[in-house]
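Welcome to this short tour of a protein chain.

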Amino acid sequence: MAMRNLSKCLNSNKGPPMDVTFLFKNGADVREIKAHKTILAIASDVFEREFYGSVKEPEDVIHIVDASHEVFQTMINFIYNKRPVWINFDLKFLASLYYLAEKYNIVDLKADIIESIPNHKISKAYVLEIGILAEE
């Protein structure tokens with residue numbers, strides 16, 4: 001029951017205050033995603049080391065350069081128990097999301113992405129693009 005309500009914490013008007021901000025710069029456009037360090041650390045040992053480990057200084061603002069705002073938001077939503085409709089995402093988006101799941105060691109997210117792939121229709125024209133994705 002409590003896990004179903006976790007997504008309410010993403011609403012800045014409810015729940016505990018968010019204590020970390022991820023920034024995404026695209027030219028002059030700057031977008032942000034706010035979250036809770038503790039929730040992220042529970043979901044990912046990588047976040048746990050980043051925020052609470054002895055190696056790094058914890059930061060409240062983190063610049064993300066290796067993912068789009070949309071893909072990172074999808075990962076955050078997943079952590080907060082907002083399950084996506086996988087068929088709504090194309091394979092390039094899923095590959096980028098899988099990269100983040102691998103980077104932050106979010107095992108359930110990786111498994112869900114892999115499980116969703118057979119539900120995507122792959123046309124002959126799309127095969128080359130998938131090959132290029134596999135090389136990245």
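## Strands and their partners

In this predicted model, Asn-26 has Asp-29 of β2 as its bridge partner. The two strands involved are β1, residues 20-26, and β2, residues 29-35; they run antiparallel and are joined by seven bridges. Further along the pairing, Leu-23 is found opposite Glu-32 of β2. Two residues lie between the strands of this hairpin, and Gly-27 has a positive phi near 70° there.

Strand β1 has another partner too. Three bridges connect β1 with β3, residues 61-63, and here the strands run parallel. In this pairing, Phe-22 faces Ile-62 of β3. How many of the seven residues of β1 are buried? Five of them are, so β1 is largely enclosed by the rest of the structure.

## The chain as a whole

Now let us step back. The protein chain has six helices and three strands, and along the sequence they come in the order β-β-α-α-β-α-α-α-α. Of the 136 residues in the chain, 38% are buried. The accessible surface is about 8800 Å², with 55% of that belonging to carbon and sulfur atoms.

The contacts tell us about the fold as well. Among contacts in the chain with a separation of 6 or more, 58% are between residues 24 or more positions apart.

## The nonpolar core

In soluble globular proteins, nonpolar side chains tend to be buried together. Which residues have the most contacts inside the largest nonpolar core here? They are Phe-22, Leu-40, Phe-47, Phe-72, Met-75, Tyr-104 and Leu-109, in a core of 32 residues. At least two residues of this core come from each of β1, β2, α1 (37-43), α2 (45-52), α3, α4 (91-103) and α5 (107-116).

Leu-109, Lys-110, Ile-113 and Ser-116 are its buried residues. These residues lie on the same side of α5, because they cover an arc of only 130° around the axis. What do the buried residues of α5 pack against? Their packing partners are α3 and α4. On the other side of the helix, Val-107, Asp-108 and Glu-115 are exposed.

## Salt bridges across the chain

Side chains of opposite charge can pair when their charged atoms come close. The whole structure contains six salt bridges. One of them joins Glu-70 to Arg-31, with 2.7 Å between the closest N and O atoms. Because Glu-70 lies in helix α3 and Arg-31 in strand β2, this pair ties together parts that are 39 residues apart in sequence. Is Glu-70 buried, partly exposed or exposed? With a relative accessible area of 41%, Glu-70 is partly exposed, and Arg-31 is also partly exposed, at 34%. Helix α3 covers residues 69-79. Leaving out neighbours within four places in sequence, Glu-70 has contacts with Arg-31 and Phe-93. From Glu-70 to Ile-33, the C-alpha atoms are 9.8 Å apart, while the two residues are 37 apart in sequence.

Another salt bridge brings together the side chains of Lys-103 and Asp-66, at 2.7 Å from N to O. This pair links distant parts of the chain, with Lys-103 in helix α4 and Asp-66 in the loop between β3 and α3, 37 residues apart. Both partners are partly exposed: Lys-103 has a relative accessible area of 34%, and Asp-66 one of 30%. Glu-102 and Lys-110 also meet through their side chains in a salt bridge, at 3.1 Å from N to O. Here Glu-102 is partly exposed at 45% relative accessibility, whereas Lys-110 is buried at 14%.

Technical notes
Residues numbered from 1 in each chain as written. Predicted model: local features only at pLDDT ≥ 70, side-chain atom pairs only at ≥ 80, totals over all residues. Heavy atoms only, no water. Helix = DSSP H or I, 4+ residues; strand = E, 2+ residues; numbered from the N terminus. Buried < 20%, exposed > 50% of the residue type's maximum accessible area, 1.4 Å probe, protein only. Contact = heavy atoms within 4.5 Å. Areas by Shrake-Rupley, 256 points an atom, 1.4 Å probe, with all protein chains shown as cover. Pairing = 2+ DSSP bridges. Core = buried A, V, L, I, M, F, W, Y, C linked by side-chain atoms within 4.5 Å. Arc of directions from axis to C-beta. Salt bridge = Lys/Arg side-chain N within 4 Å of Asp/Glu carboxyl O.
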